[in-house]
Amino acid sequence: MGLLSLAIWTPIAFGVILLALGRDEQAGAVRWVALIGALVSFLVTLPLYTGFDASTAQMQFVENAAWIEAFNINYHLGVDGISLWFVLLTAFINVIVVIAGWEVIERKVNQYMAAFLILSGLMIGVFAALDGILFYVFFEATLIPMYLIIGIWGGPNKIYAAFKFFLYTLMGSLLTLIALVYLYNVSGGSFDIQSWHQLPLGRTEQTLLFFAFFAAFAVKVPMWPVHTWLPDVHVEAPTGGSAVLAAIMLKLGAYGFLRFSMPIAPDAAHEWGTFMIVLSLVGVIYVGLVAMVQQDMKKLVAYSSVAHMGFVTLGFFMFNPLGVSGAIVQMIAHGFVSGAMFLSIGVLYDRVHSREISSYGGVVNTMPKFSAFALLFAMANCGLPGTAGFVGEWMVILGAVQFNFWIGMLAATALIFGAAYTLWMFKRVYLGPVANDHVRELTDINGREFLMLALLAAAVLYMGVYPKPFTDVMDVSVAELLKHVAMSKLPQ
């Protein structure tokens, strides 16, 4: 079995073992098995980085075996400089989420841990799939464990949120399935994604394919105005569900633009690039303003995620190396920072059982260690230099200035909103005198919570101070992608 297959199936195998053998009376053992499974799954991905050749844009660690021979559907896997980091990020976040749910989840512990392990493997499958149907199966299969995570362990309106999440993302994907079948017919019976990149497609074909893919990927990102499902889902999801949703699942949609929309329909991507840039800027600015008036911490960070992901799609559709590389770096950084923000809110919620900003005030007086971590993550969410949150957004803004000065200025101005709503929340929750008895009785983070937050803090600082390893891996692949997208595929 190849490394990518191990990365996909190791967490899924541990998840199945937990479902088969775990019981609530064995919750202690279940947690340790889940942690061992998450750690082994992460360790399996490390050779992908150490053995990766950053000097080529070719797919590496390729595995290709017949799956459904009658339709030429293959179990075809591989990673390049664009997808590699997302495999590692997914496995890393899975370890954090298992640690985060260690004491919090008390019922159906085996099912909770299994859902996250299986979800991790499925998401890695999305990033590694090179066959269209294999991609679609993994892409849609991720809905099932997340639906269960929200619907079983979520808040009071969990069923409504779970249905909204499932229906929004499923309906958009149905058009993508039609597009995949069309490409299969046009290509002479192949579901190979890389061969689809070479197809000469007419202008109308490309436009229809572009918007068929847009229906699935824009909802998943989510882009304005199809973002309305995300705040409701975040508010109702358990802390671990919110962390994985923000850190990884939103990236599945953005990754789809890079693997399908832009290389398969490059002429349509250029033609509708301005449209995508406008939607992205509206998302960054308008949603940032919406975030500023939220009273629920989770809902505020959820809107913040929409705004930050707006920088990602903005970077993609300016078609320059700084913009696209910056957008990919922003995706990785947002994985660390948004996950940390939601897990920090979870630490407070576990103690006070309220997400309302008005329920807090002066937390720094009773939880100084935790408040130091929260301050770091808040600064990273603002885009403070020296943190992961700065690098990607700065690269996207530089790329935007190269593309059009006024677009760059609008994008840079939008950072002010991010700083405003983040610091405003931090001030009201953490600073000042102790606001009430609930805050007065708070206890600082324990060793488990310290470990969880320290790992994320290390990632946020390392990427902010030394982003070179991240950019070096993707540079050649991004250059190859842009070279391909720059070439017209209209039939001569």
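**Asking why: helices, burial and a patch**

Helix H5 (residues 132-141) and helix H7 (residues 158-186) pack with their axes 11 Å apart, at an angle of about 170 degrees. This is a predicted model, where local features need pLDDT of at least 70, side-chain atom pairs count only at pLDDT 80 or more, and totals for chains, interfaces and linings use all residues. Residues are numbered from 1 along each chain as its sequence is written, and side-chain values use heavy atoms, leaving out hydrogens and water.

Me: Why are H5 and H7 called roughly antiparallel?
Reply: Angles over 145 degrees count as roughly antiparallel. The angle here is about 170 degrees, so H5 and H7 are roughly antiparallel to each other. Their contact (heavy atoms within 4.5 Å) involves residues including Tyr136 and Phe139 of H5 and Leu174 and Leu177 of H7.

Me: How do you know whether Val329 is buried or exposed?
Reply: Buried means under 20% relative accessible area, exposed over 50%, and partly exposed in between (1.4 Å probe, protein chains only). Val329 has 0%, so Val329 is buried. Val329 lies in helix H15 (residues 321-352). Leaving aside neighbours within four places in sequence, Val329 is in contact with Val391, Gly392, Met395, Met463, Thr471 and Met474.

Me: Why does Phe71 count as partly exposed?
Reply: Phe71 has 48% relative accessibility, so Phe71 counts as partly exposed. Phe71 lies in the loop between strand S1 (60-68) and strand S2 (73-79).

Me: Which residues make the nonpolar surface patch of about 360 Å²?
Reply: Trp67, Ile68, Phe71 and Val137 make this patch.

Note on methods: Patch = residues over 30% accessible without salt bridge, like charges linked within 9 Å, V, L, I, M, F, W, Y side chains within 5 Å. Areas by Shrake-Rupley, 256 points an atom, 1.4 Å probe, with all protein chains shown as cover. Salt bridge = Lys/Arg side-chain N within 4 Å of Asp/Glu carboxyl O. Helix = DSSP H or I, 4+ residues; strand = E, 2+ residues; numbered from the N terminus. Axes fitted to C-alpha atoms, helices over the stretch in contact; angles between N-to-C directions. Parallel < 35°, antiparallel > 145°, perpendicular 65-115°, else oblique.
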